[in-house]
Amino acid sequence: MFIITAHHVSAQPKNLYDKERARTIPISISEPANTSVQCTNQSQCSVAFISAGYGVPHNDYTFISELLNNRGYLSIAIRHELKTDPPLSITGNLYQTRLENWQRGVKTLKFVKKTLEKQLTSYDFNNLLLVGHSNGGDISALLANESPSYVKELITLDHRRVPLPRSKAIKVLSIRASDFSADPGVLPSNIEQKQYPSCVIKIDEAQHNDMSDSGPLWLKNRISHIMTNYIKSHKCDTVNH
């Protein structure tokens, strides 16, 4: 079992600039922890994008970066909301009123991929793992629903609005808290989970707002354990063991 004792992620903060949108994109990059594995143009290492929940700092998921780094991933935590952005809607049909926010996030993910794959050629940006908490999970799911060939896996932490992709080309894991329910149609049914490569795992007594570094240690360990098992096997029946 993956146990968190302390955060050892050495993150490199960086700002990317999207000229087309006149938008600065803060990111934090942390490299694979296994120094015995050489990432080269001929043998590229895996890449994961981490998208934060609304109002949560993008670098407040170091426990996830750490487990990904230990599995050989380059992890890139991405800030989506800037002070100049309109606030996230809390009224009306939230799928409709928040769509602009999610679409802006999708554009940001695409820009980060396009920019960094030119700079970090020892890493595989064509087989991405997307990880997103809450609103960051909605952004990640929206991109996955576009079915770009470069998105291979999606892990969401209690996102609630955007339906998960029903696609045999994208492996999906959604880790659920216990205090809120997802909107109808967001999560695959039991039949759909068998039809498509998807797993839905609920953690008893987990709180939606606790799925970041500021959450309790037991919950971070549980999330890390589930994610690690999933990345190893991609089998739903072994994820919780």
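Which residue just after α1 takes a positive phi? In this predicted model, that residue is G72, whose phi is about 90°. The points below follow α1 into the sheet on which this helix packs, and then turn to the largest pocket, which has a volume of about 250 Å³.

**Helix α1**
- Helix α1, spanning residues 62-70, is mostly covered, with eight of its nine residues buried; the buried set consists of T62, F63, I64, S65, E66, L67, L68 and N69.
- These buried residues pack against the strands β2 (23-30), β3 (46-51), β4 (73-78), β5 (128-133) and β6 (151-157), and also against the helix α5 (217-233).

**The sheet and its helices**
- Eight strands make up an open sheet with mixed pairing, in the order β1-β2-β4-β3-β5-β6-β7-β8.
- Because β1 (12-18) and β8 (198-202) stand at the edges with a single partner strand each, one side of each is left without a neighbour in the sheet.
- Neighbouring strands are turned by 20° against each other on average, direction ignored, while the direction of α1, which touches β2, β3, β4, β5 and β6, makes about 160° with that of β4.
- Strands β2 and β4 pair in the antiparallel sense over four bridges, and I27 stands opposite I78 in β4.
- Helix α3, residues 135-145, lies across β3, β5 and β6 and runs at about 145° to β5.

**The largest pocket**
- The lining of the largest pocket comprises 15 residues, of which G55, V56, R79, E81 and L82 lie nearest its centre.
- By class, this lining has seven nonpolar residues, together with four polar and four charged ones.

Key
Residues numbered from 1 in each chain as written. Predicted model: local features only at pLDDT ≥ 70, side-chain atom pairs only at ≥ 80, totals over all residues. Heavy atoms only, no water. 1 Å grid on protein atoms, 1.4 Å probe; cavity = no way out; pocket = protein on both sides within 12 Å on 5 of 7 lines; lining within 4 Å. Points joined across faces, edges and corners; volume = space filled by probe spheres on them. Nonpolar A, V, L, I, M, F, W, Y, C, P; charged D, E, K, R; others polar. Buried < 20%, exposed > 50% of the residue type's maximum accessible area, 1.4 Å probe, protein only. Helix = DSSP H or I, 4+ residues; strand = E, 2+ residues; numbered from the N terminus. Contact = heavy atoms within 4.5 Å. Pairing = 2+ DSSP bridges. Axes fitted to C-alpha atoms, helices over the stretch in contact; angles between N-to-C directions.
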